[in-house]
Amino acid sequence: MIAVPKKKKSAVPENYRHEVLEDYRTCCISRECSILARKEALSGKANFGIIGDGKEVAQVAMARSWKKGDFRSGYYRDQTLMFALGLMTIEEFFAQLYGDPLTDKLSSGRQMNCHFVTPTIDENGNWLDHKNRFNISSDISPTGGQMARGLGLAFASKIFRDLPHLAGDFSENGNEVCFVTIGDASTSEGVFWEAMNAAGVTQSPMAVSVWDDGYGISVPKKFQTTKESISVALSGMEGEGGIDIYTAKAWDYPQLRKIYAEGIEKVRKNHQPALFHIQEVTQQLGHSTSGDHRRYKSPERLQFEIDFDCNRRLAEWIVKNDFATAEELKKIEDEARTSVLSKAKKMYDAYHNSAGELFEKLKTTVEKCRAAFPDLPELERLESELSKLRRPIRAELWKMARQVLFSLAGKTGFEKTELENLIADQKSQGEKWYSTHLYSETEKSPLRQTAVPPVFSETSSMKDGWEILNTFFDKTFSSRPEVFAFGEDVGDIGDVNQGLRGMQQKHGKSRVFDTGIREWTIMGQAIGMAMRGLRPIAEIQYLDYLLYGLVPLSDDLCTLRWRTANQQAAPAIIRTRGHRLVGVWHSGSPMSLMLNALRGMWICVPRNMVQAAGMYQTLLGGDDPAIVVECLNGYRLKELMPENLGEFSVPLGQPEIIKPGSDLTLITYGSMVRIAEETCEMLENVGISVELIDVQTLMPFDLPKTCVESLKKTNRVLFLDEDFPGGATAYMMQEVLEKQGGYRFLDSAPQTLTAKQHRPAYANDGDYFSKPQVEDIFEAVYGILRESEPGRLSQLLN
């Protein structure tokens, strides 16, 4: 009898074998989702597909190093990580692919597929327990955009370690790592370098994984990265006090497990950031469904991607090391394929079945209309088109319903009313699905904060504007331990205009601190800190420099609550200063830029520092992000100090009538208020009574409609500011004349008075000829009055 040799037992523990097979199952599920997502997009069942094939093995390995409390700031290739952490089901993956607002828990149909999120607040805006869950900060598509937020999320761990009394449900001794993921080509973006430098300087626990597949869409990395290696290019930052660098192949499962286990533990313990350069990543399915990678990859590269497919290599390694047989792996693969197909179909059917209910309602309603109005050929045509639709989406039905209503112009009857009700119901649903939560709708909204008027007495003292802000910030830091201030020159010298003078010395370097000259990542720090329950006040030194920090504010902070459908919030406050001074680069008023780019933030434009302090107080009591533009020339002007500074608050969206009048309404804000006040006195001397209104905030704008009420009285209006022509004055004009209906009360053409089209020239002479002055306002107001009442006024300006 021949002895049959016993099968050699694997030397690894059984729990490791179980982990390996679970990881392989996750890889197979993720790959099948990618394959099917591409097919669904190319067949027209979905709009677009961008997927994470080729990164499966690296991501299951990375997932093994996660702990509860950790955060991710990633991009749209991380579906495998989401599956591995149990944060997304197959059904949820396809619900987002189809854009179904009813079943897409990631963004309620607001973002394209593979943009991930987990809730950090509840529906009422209350913070959830962050330290006992895996936390996924909401993705954005702009390449590299995740880096700035990732720095802030990691920096918050540093804060919690330094100030453990703030940790609560947010942190466990600052042990949380922020995992950042990015494609290799996106490391060409300036924000990548800025964030890596800032992470090294601040020693924040940020672990950056770079998926290096050799291309940025079609552009190879020889055109992207110095020496064609991001790890080599960053090597000068490596070492103590800088960053750690690890490299591995995307198909080498045991090595990936090793570097992530060792590297992340070091990041977690020491807070030294790390770069994980994952090389030889493949893309079996190409960049996205909008192109075909066979157009730009050589046959040799395409063969490499077959040979070094990470899933294939993992399967070979599993069999070679006796973790499982080829037959057992085949069973896992088949089960994954079957599961993905059935669950995708389930979500596709769910999406179209819900639209099908609307289809039946609309069809029945249109039939009733046809019966009631048989002589309308256009209605007959539309009914025929409707009957030909097969599995229509809601937009098609919404479009058809409205066209049917147009065809019934001039008709009456309950049938038409039924159609109108159906359209109104769908409009309401559409608003709820897609247009809610741009701002907070919770009780914590800044708009719902109780207004506290300033209190003055006979003993109230006159102070410089900077002293008023300084006193306010001192009281705030003393009463609110969660508030931080930082930016260029903010710490040691207390900002260039002294509003924070002495605050670092009194409240500590952890609360008030300096940063490098890096506006993009200063904003990122603010976003990440605010997402983790802290209240940062981050400074852009001058409003002109906002351009350098505009991208993360516009793409990320402004859209956060909206794109997550109220699952995440970041009530960061951005502090800056602008308007009157001298020179091109320190006296800007680019308000139109802000109005167009920052929808989702409140824009506060106080006329003095008392008002600014009141606005900060309101914002700190709320849960929305905002920007406050202090008047650059107001720090040395005297103001009366309120007795209740630190309690006094200015309600947002509430204009203030600075001077009542009857002849004309003058609407402005910020530094122009003081100049307009001087003009009003001059006009009074020639018999013209001007009602001067300071709108105080541009967003929100005049919630009680103070401006139109004034216009009802004066019947004339001049909009004034120092932005470019067509900027904030045009915005205010639209708000008052169109939205508030002010056009009905005009006796004269509305006018605007702005700065010149160029930037402000240097020195007092340059300012005088670049921006509106007292005399310019006088001429504009006098001209409006003389045009409408020529017999009343003297010929002063003939």
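This is a predicted model: local features need pLDDT of at least 70, side-chain atom pairs count only at pLDDT 80 or more; totals for chains, interfaces and linings use all residues.
Student: Which residue stands opposite V512 of β11?

Tutor: That is A485, which faces V512 across the pairing.

Student: What is the strand order of the sheet they belong to?

Tutor: The order is β11-β10-β12-β13-β15-β14-β20, which makes an open sheet of seven strands in which the pairing is mixed. The edges are taken by β11 (512–514) and β20 (697–699), and each of these has a single partner strand, so one side of each is left without a neighbour in the sheet. On average, and with direction ignored, neighbouring strands here are turned by 20° against each other.

Student: Which strands does α17 touch there?

Tutor: Helix α17, residues 519–531, packs on this sheet and touches β10, β11, β12 (535–539) and β13 (573–578), with its direction at about 170° to that of β12.

Student: OK, switching to the five-stranded sheet: what's its order?

Tutor: That sheet is open, with mixed pairing, and its strands come in the order β17-β19-β18-β21-β22. At the edges stand β17 (656–659) and β22 (751–753), and because each has a single partner strand, one side of each is left without a neighbour in the sheet. From one strand to the next, the twist averages 25°.

Student: And how many bridges join β18 to β19?

Tutor: There are five, between residues 664–668 of β18 and residues 690–694 of β19, and these two strands run parallel. Within that pairing, T668 stands opposite D694 of β19.

Student: Which of them gives the most?

Tutor: That is α14, with five residues in the lining of the largest pocket. Sorted by class, this lining holds 16 nonpolar, 10 polar and six charged residues.

Student: What about the second largest pocket, and which residues lie nearest its centre?

Tutor: The second largest pocket has a volume of about 460 Å³, and among its 28 lining residues R607, N608, Q611, E656 and I658 lie nearest the centre. Two or more lining residues come from each of α21 (609–620), β16 (638–640), β17 and α22 (672–685), and β17 is also an edge strand of the five-stranded sheet.

Student: Last one: how many helices and strands are in the whole chain?

Tutor: The protein chain has 26 helices and 22 strands. Its radius of gyration is 31 Å, close to the 28 Å that the globule rule gives for 798 residues, so the chain is as compact as a globular protein of that length. Along the principal axes, its C-alpha atoms fill a box of roughly 125 × 80 × 45 Å.

Conventions. Residues are numbered from 1 along each chain as its sequence is written. Side-chain values use heavy atoms; hydrogens and water are left out. Two strands pair if DSSP finds at least two bridges between them. Helices (H or I, at least four residues) and strands (E, at least two) are DSSP runs, numbered from the N terminus. Axes are lines fitted to C-alpha atoms, for helices over the stretch in contact, and angles run from 0 to 180 degrees between N-to-C directions. Contact means heavy atoms within 4.5 Å. Ala, Val, Leu, Ile, Met, Phe, Trp, Tyr, Cys and Pro count as nonpolar, Asp, Glu, Lys and Arg as charged, and the others, Gly among them, as polar. On a 1 Å grid over the protein atoms alone, a cavity is a set of points where a 1.4 Å probe fits but cannot get out, and a pocket is an open set with protein on both sides within 12 Å along at least five of seven lines; lining residues have an atom within 4 Å of a point. Grid points are joined across faces, edges and corners, and a volume is the space filled by probe spheres set on the points. The radius of gyration is taken over C-alpha atoms; the globule rule is 2.2 Å times the number of residues to the power 0.38.
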